[in-house]
Amino acid sequence: MQQLIQDWRGLYESMLDGLANPAQLHALMTHLPIAAALMGLLVVLLLVVTRGRSWGARAAAALIYLVGVVSALVTAETGERAHDFSREAGAVLSPAAISMLHRHEEMAEKLWIFMAVTAVLVVLTALPRAWMRWGATALALVAALACVGWVGAIGHYGGTMVYEQGVGVPVAESNLPADAMQRRRAALKIPANESPPTPQSTPKPDETSNGDFFGVPVP
């Protein structure tokens, strides 16, 4: 029990440390607009099924997209901070990564507009005339689909930058110029006479331990 408490305490402290890291905070915040776009689409589909007459679906969709507007703005801001932090840390990006980063940023900065337009169209489904209500409902569905597509493209660029281009991935100081190494240490608050933290390798099963790996028998 004591070990479990220590593990949870370590996890909690690690999460708090992550919030102080602009890159990790941005990675965390990106989930909010994604969730808003997907949940909003589901509720708009419910609004379509009810022919725009469901007050509950209308209110829920409007609220979700308003949350999406705020989360999109906040996420874009954390992305700018993450970019600045990366440059201060001495990150060196390839031309392909720089191009992809610009696309990612430009699209992310416009996401709140998609969310806001969808929210307005959802509210317009309350119009009394049937043809106006139906028109607003159809346009709201199109806008909701556009939000999902736009978020998907932003996520694609972001994921490709990290997992293919290595943007935001720590690099060995031996590969950095002296001035870049100094900027990296200053950004990470590493004293000049202290070695930087190195990632720990994943332990491998020991042949003398009956093949147990994280408590799971290895065949």
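The numbered points below go through this predicted model, from its overall make-up to a few individual residues.

1. The nonpolar core. The largest nonpolar core has 32 residues, and those that touch the most other members are Val44, Tyr65, Leu111, Met115 and Val122. The elements that give two or more residues to this core are helix 3 (31–49), helix 4 (55–88), helix 5 (95–124) and helix 6 (130–163), and the largest share, 10 residues, is supplied by helix 5.

2. Leu111 in the core. Leu111 is one of the core members with the most contacts to other members. Once its neighbours within four places in sequence are left aside, Leu111 is in contact with Pro33, Ala72, Trp150, Val151 and Ile154.

3. Ala61 in helix 4. Ala61 has its place in helix 4, and it counts as buried because its relative accessible area is 0%, where buried means under 20%. Not counting residues up to four places away in sequence, Ala61 touches Val43, Val44 and Val122, and two of these partners, Val44 and Val122, are named among the core residues that touch the most other members. Ala61 and Leu46 are 15 residues apart in sequence, and their C-alpha atoms are 9.6 Å apart in space.

4. Which residues does Glu105 contact, leaving aside its neighbours within four places in sequence? They are Glu80 and His83. Glu105 itself is found in helix 5, and with a relative accessible area of 16% it falls under the 20% limit, so it is classed as buried.

5. The aromatic pair. A pair of aromatic rings is described by the distance of the centres and the angle of the planes. The count for this model comes to 1 aromatic pair, made by Phe114 and Trp150, whose ring centres are 4.5 Å apart and whose planes stand at 25 degrees, so the pair is stacked. Phe114 belongs to helix 5 and Trp150 to helix 6, and the pair thus links distant parts of the chain, 36 residues apart. Phe114 counts as partly exposed at 25% relative accessibility, and Trp150 is likewise partly exposed, with a relative accessible area of 23%. Trp150 is also one of the residues in contact with Leu111.

6. A nonpolar patch on the surface. Met1, Leu4, Ile5, Trp8, Leu11 and Met15 form a nonpolar patch on the surface, and together they have about 700 Å² of accessible area. Met1 lies in the segment before helix 1 (2–19). Is Met1 buried or exposed? At 75% relative accessibility Met1 counts as exposed, because that value is over the 50% limit.

Notes: Residues numbered from 1 in each chain as written. Predicted model: local features only at pLDDT ≥ 70, side-chain atom pairs only at ≥ 80, totals over all residues. Heavy atoms only, no water. Patch = residues over 30% accessible without salt bridge, like charges linked within 9 Å, V, L, I, M, F, W, Y side chains within 5 Å. Areas by Shrake-Rupley, 256 points an atom, 1.4 Å probe, with all protein chains shown as cover. Salt bridge = Lys/Arg side-chain N within 4 Å of Asp/Glu carboxyl O. Helix = DSSP H or I, 4+ residues; strand = E, 2+ residues; numbered from the N terminus. Buried < 20%, exposed > 50% of the residue type's maximum accessible area, 1.4 Å probe, protein only. Core = buried A, V, L, I, M, F, W, Y, C linked by side-chain atoms within 4.5 Å. Contact = heavy atoms within 4.5 Å. Phe/Tyr/Trp six-rings, centres within 6.5 Å; stacked < 30°, edge-to-face > 60°.
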